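Here are my notes on the model, point by point. Please read them with the structure open.

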Amino acid sequence: MVTSRADDSPDLARKAEIAELLLHAARRLGETLEPERVYDTFHDLLVGVVPHDGVVVSAYDERDDLIHCEYAWVEGNRLDPSTFPPVPLNRTGGGMQSRVIVTGEPLVVNDVEEVVRQPGGTFYDVDSTGEMRKLPDVEPPGTKAAMMAPVKEEGRVIGVVQLMSDRASYTPEQLELFDGLVGQMAAAVRTVRLQKERRRLEAAEAAARAIAAERETAAQVVEAVADGIFLLGDDGTVLLWNRAAELITAVRASEARGRPIASVFPNWETLAAQIPVAEPGVTPRSATLPMDVGGRDLWLSFSGVQSAAGVVYAFRDVTGERRLEEEKSDFIATVSHELRTPMAAVYGAAQTLLQRGESLEPARARDLLVMIVNQASRLSQITEEVLLAGRLDRGEVRVQREPVDIADVTRAAVEAMREQIPPSAAIDVEIDSDVGPAEGDADRIQQVLVNLIDNAVKYGGGQVRVRVERADGHVRVAVADSGPGIALADQERIFEKFYRADPQLTTAPHGTGLGLYISRELVRRMAGRIEVSSDPARGATFCVELPQA
Ligand code: ADP
C-alpha cells in the first residue's frame, strides 16, 4: 500500500517511496527471462501495493486492430488467456481498454457498473473459474472499480493492463503507481522478447551455419570421390559435374554445366535407356556401356538415382578392367588355337614314326622329324612370346641402354630371316653410311626387327625393304612391304596384346597377336618409338626410332 508520511513534504516522501518501489520492481522484473514469468512477477509486485481482485494484460496489434488477452488472473486463479475472445479496437471511445489504447493515457473507473450500461463498448465479467459473461446482458458486474494503464513501445500503445476490484475504489495515487509498474513491466517484457528473439536468431544462424557446413562437406566429398558424378535436370541439362567426371571424360565442369548431356556423351539418348535409375533410398544397379568420349572409346559403368533436383548419375571408367577381361578371353582363344595345330602335327608325326618307323622310307622319316622340330620350335616360340608379354606387364624385363651399332644389328636380323623365308621372298637392305650408333639393347633391337621383317614377309607377300637412316637426333629403321596394308582403324589396335586384324580369315597366317605388342613395349623401354603407316592395298611401313648414342 502506498501511504504518506506525516511530515512537511508528504508529496516528496510519497514520490520517493514510489521511486523506491519502482526501482525494486525494475530489478525483480529484470531478473526474469520468459515473458510469461514477467507477468507473474509483475502480478506478485502488484499484490503488495495495490488491492485488486483481477488483472488482465492485453496486447494490441495494429495490423488486425484486435486486442488479445495475454495474461489473466482473477480472484486467486491464473486463467488461460486464450479463453478470452479478441476484442476489436473501438476508436470512437466506447470500451475502457479501447479508450486507453486510443488516448495512450491511464484511466480510473470507479463506477464500472454505470459505465458498462452505457452503449458503445463490449464488456465481459470473468469469475475465478474463467467463466465469462457478456455485460450487462445478464446481471450487474461484480467489478466495482477498475484501473487501466497503456503498455507503450517507442511512444506507440501496444497493449493495456487492467486492474479490477470488487470492493475498493481507486485513487489517482494508486493509478500513478500502477501506471509506473506497468511501465516497468513493459520494459521488462520488451527486454525479454528481444533476448528471446536474439536467441532465436542465434539458433537460426547456428542452424544455417551447420547446414552450410554440411553442404560444404558434401560438396567436397562429391569433388573428392573417384567416381564421376553428374546431376541431370529434367530437361537433360547438366547441373553438376564433379572433378572425377572431368578426369574421366576430359570435359571440364565449366564446359559441361548448363549444356545438354548429349554434348558430352553423343549417343546419350540410346545409352540412357539402358541405365537403370533407382528411386531414392534404393540401391542402384549399374550398367556397363561403351561410350565415345571426345573420340576415345571408353567402357563406363553407370548407375542413376532419382533425386528432387534431377537424376544423379555416377560412373566409373572400367575400360582397363574390360580390356583385361577381353585380354583373358583373347589369351585363351589365341593360345588354344595357336597351340592346337603344331601340337596335332607333332603328335601325328611322332605317332607315325612310332608305329611305322621301321617300314618308312628314310626320306619320309626325316621329313617327319623335320616337321616335329619345326612345330616344336613354333610351340616354344608361342610359349616364349606369352611368357615375355607377361614379364613385360609385370615390369620384369631388363633392357640395356648402351651404344649399339644399328647397321650391324639390322644386317644380323636380315640374315637370320633370310634363312627362313620362302625362295619367292626377297629382302632389300639400304643403310646410310653416316647413320652412327643408336642407344639401346642390341639383342632386343634385333628381336624387334626380326618380328617386323617376319610380319612383312608373312603378311606383305614377299618384297621387303629395310632402310636404316639418321633423322633428327634419332636413328630410324623402316621395314616396308608391298602387301595388302593395314586398315586405318586397325593401325593403333595391332599394337594391343593379342590383337590380330582379320584373324577369322582362313588364309590368315598363324600368329599370337603378341609380336607388335612386345616390340612396342621393348622399344619404349629404350626411350624409342614404333609407328606404322599404311596405304591399304599399297603395303605397310613400320618405323622404329631409337635415340642416337
Ligand atoms: P601376329 O603376327 O602374331 O598376329 P603381331 O602383333 O606381330 O601378331 O601383329 C598383329 C597383327 O597386325 C597381325 O595379326 C596382322 O593382322 C597385322 N600386321 C602386322 N604386320 C603387318 C603387315 N606388314 N601387313 C599387314 N598386316 C600386318
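1. Start with helix α10 (residues 362-393) and helix α14 (residues 515-525). Their axes come within 10 Å and cross at roughly 40°. That makes α10 oblique to α14. The class follows from the angle: under 35 degrees is roughly parallel, over 145 roughly antiparallel, 65 to 115 roughly perpendicular, and the rest oblique. Axes here are lines fitted to C-alpha atoms, for helices over the stretch in contact, with angles from 0 to 180 degrees between N-to-C directions. Helices (H or I, at least four residues) and strands (E, at least two) are DSSP runs, numbered from the N terminus.

2. A word on the basis. This is a predicted model: local features need pLDDT of at least 70, side-chain atom pairs count only at pLDDT 80 or more, and totals for chains, interfaces and linings use all residues. Residues are numbered from 1 along each chain as its sequence is written, and side-chain values use heavy atoms, with hydrogens and water left out.

3. Now the handedness and the contact. The α10 and α14 crossing is left-handed (the near helix is turned anticlockwise from the far one by less than a right angle; clockwise would be right-handed). On the α10 side, E385, L388, A389, L392 and D393 take part; they meet G515, Y517, I518, E521, L522 and R525 of α14. By class, the residues of this contact are six nonpolar, one polar and four charged. Contact means heavy atoms within 4.5 Å. Ala, Val, Leu, Ile, Met, Phe, Trp, Tyr, Cys and Pro count as nonpolar, Asp, Glu, Lys and Arg as charged, and the others, Gly among them, as polar.

4. How many residues of α14 are buried? Nine of its 11, so the helix is mostly covered. Buried means under 20% relative accessible area, exposed over 50%, and partly exposed in between (1.4 Å probe, protein chains only). The buried set is G515, L516, Y517, I518, S519, R520, E521, L522 and V523. Their cover includes α10, α12, β21 and β22. After α14 comes A527, with a positive phi near 60°.

5. Compare the pair α2 (residues 35-49) and α5 (residues 172-224). Their axes come within 9 Å and cross at roughly 160°. That makes α2 roughly antiparallel to α5. The crossing is right-handed. From α2, P35, V38, Y39, F42, L46 and V49 meet L177, F178, L181, V182, M185, A188, V189, V192, R193 and K196 of α5. This contact has 14 nonpolar, no polar and two charged residues.

6. Turn to the cores. The largest nonpolar core has 46 residues, and I406, I453 and F542 have the most contacts inside it. A nonpolar core is a set of buried Ala, Val, Leu, Ile, Met, Phe, Trp, Tyr and Cys residues joined through side-chain atoms within 4.5 Å. At least two residues each come from α10, α11 (406-418), α12 (442-460), β19 (463-471), β20 (474-481), α14, β21 (529-534) and β22 (540-547). The largest share, seven residues, is from α12. Apart from this core lies another, of 32 residues, including I18, V38, V57 and A145.

7. What does I453 touch? Beyond its neighbours within four places in sequence, I453 is in contact with A413, V414, M417, I427, V466 and V479.

8. E75 has a positive phi of about 45° although it is not a glycine. It sits in the loop between β2 (66-74) and β3 (77-79). E75 is partly exposed, at 38% relative accessible area. E154 also has a positive phi of about 45° and is not a glycine. Its loop runs between β8 (145-153) and β9 (156-165). Is E154 buried or exposed? At 76% relative accessibility, E154 counts as exposed.

9. Two C-alpha separations to check. D61, in strand β1 (residues 54-61), is 9.3 Å from V157, 96 residues apart along the chain. G357, in the loop between α9 (319-356) and α10, is 50 Å from V468, 111 residues apart along the chain.

10. Last, Q491 in helix α13 (residues 488-491). Q491 is buried, with a relative accessible area of 12%. Leaving aside neighbours within four places in sequence, Q491 is in contact with I486, V532 and S534.
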